[in-house]
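Work through the exercises below with the sequence and the model in view, and try each task before reading its solution.

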Amino acid sequence: YLTGSNSFADIIKQIKISGNENISKETIEVFADIKLNDEINEKSINEIIKKIYATSYFSDVSVNFDNQVLFISVKENPIISSITIKGIKAKKFTEQIKENLSLKERTSFVENKYLTDINIIKSSFRHVGYYFIEVKSFKKENDNNTIDLIYEIDLGEKALIKKIAFSGNKFFKDRKLKNIIVSEESKPWKFISSKKYLNEKNVELDKRLLLNYFRNKGFYNAVVLSSNATFGDDNSFLLTYNIESGKRYKIRKIIIDTTGEVKKEYFEKLNKDIKKIENKYYSFTKVKKI
């Protein structure tokens, strides 16, 4: 805010910064995008506050201007000294977790990013079947305005797929559609397969495979409406795909429309391939090949 009689635009002749410990005065001036002899008014002071806050390095910022002196007072967020991952033995996994976190070592601690990172850890493991994961987090504050972050992870058991079902206007039998997708039902003899665990990436792949299959079998307007995993009492899931196949179409005729200098005879060598798919059920793959 502006103080004294300087409620109109004025010139900065001196900059005084206080409260900074780890971040230099010069760096804060860069953050604020100010320098000596800049013009200043009420609007530009508000912009200075916004720009400094936007860096995420500070938990509190106050700015005022008096007698051509710009006063900036800040309170720094603590610096993250270390991040420790407990409960995961493989070093490659702990390193991968750290890479995915929004908070990094030797950067400023921001509370909302800290809460987001807990969800990032949970989500990354749910993608590979650990739906029962629990994450506990701890903050250890040190004397030098630094902080240590500790995440304790209990993966729990992997989520098994007990049954896969298909609903809607699906045309084909479930047995046939199960052979199209990569996800598998958990059976005693499938003790090696990882496809029996609920995996969000596999589910998305399943949806694409189902859609491609239907469009290659004549169902031009087919849609995989949704996928749904329902949790049962025995710690396993029912995985359901809702499909709308729509009408089944045949290719009546393929016409190559040429214009300008492009001559139709250039495409005569395709006639044999075209005849093979005319009067047959529409296939996205075969049309694309032509």
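**Exercise 1.** In which sense do β4 and strand β5 pair, and over how many bridges?

*Solution.* This is a predicted model, in which local features need pLDDT of at least 70, side-chain atom pairs count only at pLDDT 80 or more, and totals for chains, interfaces and linings use all residues. Residues are numbered from 1 along each chain as its sequence is written, and side-chain values use heavy atoms, with hydrogens and water left out. Strands are DSSP runs of E with at least two residues, helices are runs of H or I with at least four, and both are numbered from the N terminus; two strands pair if DSSP finds at least two bridges between them. With these terms, β4 and β5 (residues 69–76) are antiparallel and share eight bridges. Within this pairing, asparagine 64 stands opposite phenylalanine 71 in β5.

**Exercise 2.** What is the strand order of the open sheet of three strands?

*Solution.* The order is β2-β5-β4, and the pairing is mixed. The edge strands, β2 (14–18) and β4 (58–66), each pair on one side only.

**Exercise 3.** Which strands does helix α1 touch as it packs on the sheet?

*Solution.* Helix α1 (residues 25–32) touches β2, β4 and β5, where contact means heavy atoms within 4.5 Å. The direction of helix α1 makes about 110° with that of β2; axes are lines fitted to C-alpha atoms, for helices over the stretch in contact, and angles run from 0 to 180 degrees between N-to-C directions. Helix α2 (residues 42–54) packs on the sheet too, touching β4 and β5, and its direction makes about 160° with that of β4.
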